[in-house]
Amino acid sequence: MMASPIAVPAQAQKQAEVLPKFSTPAKAAQVLETNVADRLPPPPITDKENLWVLDLSTGGRVTIWLRPDVAPKMVERVKTLTRQHFYDGLAFHRVIDGFMAQGGDPKGDGTGGSSLPNIPAEFNYLPHVRGSVAAARADDPNSANSQFYIVFQPRFALDKKYTVFGRVIDGMQYVDKIERGEPPANPSKIIHAYVAADNPPAFVPAPVAAPSLGAPVTLPGAAAKPLPARRPAPKATPAKKAATATK
C-alpha cells in the first residue's frame with residue numbers, strides 16, 4: 001500500500017502561510033510552549049545525537065533537528081536506518097510544489113520500506129509548518145516505517161494525523177531545489193545521510209556527468225563523396241639504346 005500523506009482538503013492545499021522571520025534557527029524550530037504541564041523538554045538544538053544531516057544532490061547539506069521528546073520511536077528508527085546507510089542514494093519520489101517532498105522509499109514508488117517493523121502512530125502537537133519533517137504512512141495510522149516528507153509550505157490540515165518528528169534548521173534552500181513530480185523525471189537524491197554525532201565528513205557535491213555528444217552528425221549537403229578508383233601505375237618504358245655512328 002502506498003505510504004504517502006493523504007490528500008488534504010482543497011482549502012488547506014491553497015493555504016500560503018508565511019512564517020515570521022526569526023533571529024536564530026533555534027527560535028524558528030522551537031514550536032512549543034515551555035509552560036505546558038506534563039510535556040517533555042526537547043533536546044538542545046546543539047545536541048548532535050539529535051541532528052539528522054542529509055547531503056542532497058541539489059547542491060548542499062540539510063540539517064534537521066530531531067524531536068525524540070514527541071516521537072521517540074520514529075526518531076530512533078531514522079537514526080538506526082541512517083547508521084545502516086539505508087537512506088544513501090534514495091530518491092525523492094513524490095514532490096508536490098507548494099506542499100512537500102517525500103523520500104525514504106528503496107523502491108522509489110511509494111510502496112517500499114525497510115525490513116524493520118512498522119511504527120505505531122506518535123501524533124503530537126508539532127504543526128505542519130515550513131521545514132517540518134514527518135513520517136509518511138498508508139491509510140493505517142500505524143504503518144509508518146522508513147518514508148518521510150519535508151513540508152514546503154504550512155499544511156495545518158495534516159496536524160495530529162501524521163507524526164511530525166523534526167524540523168529543518170539549516171539548508172532549506174536545498175530542499176526547495178528538489179525536483180518536482182509524481183514521480184519526477186530526474187529525481188533529486190540523498191547522497192548521504194548522517195547523524196551529526198557520528199562526525200560526518202564535509203559535504204562533497206555529487207559528480208556532474210559529462211553530457212553525451214551522441215552519434216556523429218552529418219550536415220545536409222556535406223556528405224563525403226566517394227574517392228575515384230585508383231588507377232594502376234603505368235609500366236616503365238625500356239630506355240632506348242644510344243645511336244651509334246657508322247662508318
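Guide: Strand S1 is mostly covered, with 6 of its 6 residues buried; buried means under 20% relative accessible area with a 1.4 Å probe and protein chains only. Strands are DSSP runs of E of at least two residues, and helices are runs of H or I of at least four, numbered from the N terminus.

Visitor: What kind of model is this, and how are residues numbered?

Guide: This is a predicted model in which local features need pLDDT of at least 70 and side-chain atom pairs count only at pLDDT 80 or more, while totals for chains, interfaces and linings use all residues. Residues are numbered from 1 along each chain as its sequence is written, and side-chain values use heavy atoms, leaving out hydrogens and water.

Visitor: Which residues of S1 are on each side?

Guide: Leu51, Val53 and Asp55 lie on one side and Trp52, Leu54 and Leu56 on the other, all buried. In a regular strand the side chains alternate between the two faces of the sheet.

Visitor: How many bridges pair S1 with S2?

Guide: S1 and S2 are antiparallel and share 6 bridges; two strands count as paired if DSSP finds at least two bridges between them. Trp52 has Ile64 in S2 as its bridge partner. The two strands form a hairpin with 3 residues between them, and Gly59 in the turn has a positive phi of about 120°.

Visitor: And how many join S1 to S8?

Guide: 5 bridges join S1 to S8, again in antiparallel fashion, and Leu54 stands opposite Ala193 in S8.

Visitor: What is the strand order of the sheet?

Guide: The open sheet has 8 strands in the order S3-S4-S6-S5-S7-S2-S1-S8, with antiparallel pairing. S3 (94–96) and S8 (190–195) stand at the edges with a single partner strand each, so one side of each has no neighbour in the sheet. The twist averages 20° from one strand to the next.

Visitor: Which helix packs on the sheet?

Guide: Helix H3 (residues 72–83) does, touching S1, S2, S5, S7 and S8; contact means heavy atoms within 4.5 Å. The direction of H3 makes about 120° with that of S8, where axes are lines fitted to C-alpha atoms, for helices over the stretch in contact, and angles run from 0 to 180 degrees between N-to-C directions.

Note on methods:
Buried < 20%, exposed > 50% of the residue type's maximum accessible area, 1.4 Å probe, protein only.
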